[in-house]
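Please look over the sequence and the model shown here before reading on. The paragraphs that follow lead from one part of the structure to the next.

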Amino acid sequence: MAVEDALKRLLALAEAAPITSTEVVPLAAAEGRVLAEDLIAGLDLPPWPNSAMDGYALRLADLAGEPLPVSQRIFAGHAPQPLQPGTCARIFTGAPLPEGADCVEMQENTESLEDGRVRFLQPLKPDQNVRPQGQETRKGEQVMLAGTRLGPIELGLAATLGHGQLTVVRRVRVAVLSTGDELVEPGLPLGPGQIYNSNRRLLVSWLQRLGCDVVDAGILPDDLALTRQCLGGLGDVDLILSTGGVSVGEADFLGAALREAGELALWKLAIKPGKPLTFGHYQGVPVIGLPGNPASTLVTFGLLTRPYLLRRQGVTDVTPLRFDMPAGFDWPKAGTRREYLRARIEQGQVRIYKNQSSGVLRSAAWAEGLVEVREGSTPKPGDSVPFIPFSELLG
């Protein structure tokens, strides 16, 4: 199955099982959450005309070439008096414009005289250096749509509008499990033929970055009865996410358990790394089975599972930013699958890691993102290739 078709199918499955529960959280706790309701402005922003500069506010009609006396000083956070005719007001950035004033001159274009008056050295025009009321937002305007992921900028905008709390989609509850007798948790001694479990730490950390509640189900041994027992005891979760054990090998007991108890669709994706990826259900709970090799896990989670999780929370735009860069490598052999090479930008070109094996996680630690090599293509140095930064996938 082509990558685009697999993603389209996954997103359709996500839309069929949306997370509809919401909760109200303080603004300080909303980082990374998904807005559940449109954010509507409850006030004009700015609420009144204000000065964009430190300088002097005046009525342009009063300026006839003669210096003007200063009738008041206006600081940000203070309400001014109406401007006295024939005078100017010393004003500071962000301070409300006094009634009667229609422009502001920056202090650099003025001269203060010994008698306290101010001479204006440059021609002025109406509304100069004035931020009008409602310049940014008008009361009742839709400022953010439901489904927006809330980052620092979005939270800053909500704060500007006076929102102390926001209604967000509840967190997705994801159970993470690894399969295989060969896996050992870091810090424990390795036995014969065993390796340390890197996928569990990779996925738990990544899911937490995406704002998910994670149920860490640990390592699942290669045993069908224990597999059934583990799957049945995960509790109320929205997704079971596994690594390994979902193909059709003799020791792939997770796939066997899914076939017994529900639905299993094994997708042989036209992707490299990451060909074996499974979607199914166990007792009504969606299950995504990722490949066991670390680089395969990384690529399939970032490009397929991540958008699935975001779409279940109502996020509309789940496509990561990608941009074209000149290739700094030669890829002479055309493949039949879409390939994602671990790469980074050096001197204006993307260069790939020397070892692109699906078992080499070090390649991703060295890299800054993924280069996409489409089926049948053979990029040469200088050719344009799509680059997806890890910062897009990890955030």
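**A guided reading of the model**

Helix 3, made of residues 199–209, packs against helix 6, made of residues 294–312, with an angle of about 25 degrees between them and their axes 11 Å apart. Because angles under 35 degrees count as roughly parallel, helix 3 is described as roughly parallel to helix 6. The crossing in which helix 3 passes helix 6 is right-handed. This is a predicted model, and the values given here should be read with that in mind.

The residues that make this contact can be named on either side: helix 3 contributes Asn199, Leu202, Leu203, Trp206 and Leu207, and these meet Pro294, Thr297, Leu298, Phe301, Gly302 and Leu309 of helix 6. Sorted by class, the contact of helix 3 with helix 6 holds eight nonpolar and three polar residues, while no charged residues take part.

On the side of helix 4 the contact is formed by Leu224, Thr227, Arg228 and Leu231, which meet Phe253, Leu254, Ala256, Ala257 and Glu260 in helix 5. The residues of this contact between helix 4 and helix 5 comprise six nonpolar, one polar and two charged.

From the helices we turn to the strands. Strand 5, which covers residues 68–74, is joined to strand 9 by two bridges, and these two strands run antiparallel; within this pairing, Pro69 has Arg117 of strand 9 as its bridge partner. Strand 5 also pairs with strand 6 (residues 88–91), here in the parallel sense and over four bridges, and Gln72 has Ala89 in strand 6 as its bridge partner.

Strand 13, which spans residues 173–179, includes Arg173. Is Arg173 buried, exposed or partly exposed? Its relative accessible area is 24%, so Arg173 is partly exposed. Although Arg173 and Asp236 are 63 residues apart along the chain, their C-alpha atoms are separated by 7.8 Å. When neighbours within four places in sequence are left aside, Arg173 is in contact with Asp213, Asp236, Val237, Asp238 and Leu239.

The loops hold several details of backbone geometry. Pro46 has its place in the loop between strand 2 (39–40) and strand 3 (50–51), whereas Pro273 sits in the loop between strand 19 (271–272) and strand 20 (276–282).

Positive phi values in residues other than glycine are the last topic. Asp127 has phi near 65 degrees and is found in the loop between strand 9 (117–120) and strand 10 (130–131); with a relative accessible area of 54%, Asp127 is exposed. For Gln283, phi is near 50 degrees, again a positive value in a residue other than glycine, and Gln283 lies in the loop between strand 20 and strand 21 (285–290). Is Gln283 buried or exposed? Gln283 is exposed, because its relative accessible area is 57% and exposed means over 50%.

Note on methods
Residues are numbered from 1 along each chain as its sequence is written. This is a predicted model: local features need pLDDT of at least 70, side-chain atom pairs count only at pLDDT 80 or more; totals for chains, interfaces and linings use all residues. Side-chain values use heavy atoms; hydrogens and water are left out. Buried means under 20% relative accessible area, exposed over 50%, partly exposed in between (1.4 Å probe, protein chains only). Two strands pair if DSSP finds at least two bridges between them. Axes are lines fitted to C-alpha atoms, for helices over the stretch in contact, and angles run from 0 to 180 degrees between N-to-C directions. Angles under 35 degrees count as roughly parallel, over 145 as roughly antiparallel, 65 to 115 as roughly perpendicular and the rest as oblique. A crossing is left-handed if the near helix is turned anticlockwise from the far one by less than a right angle, and right-handed if clockwise. Contact means heavy atoms within 4.5 Å. Ala, Val, Leu, Ile, Met, Phe, Trp, Tyr, Cys and Pro count as nonpolar, Asp, Glu, Lys and Arg as charged, and the others, Gly among them, as polar.
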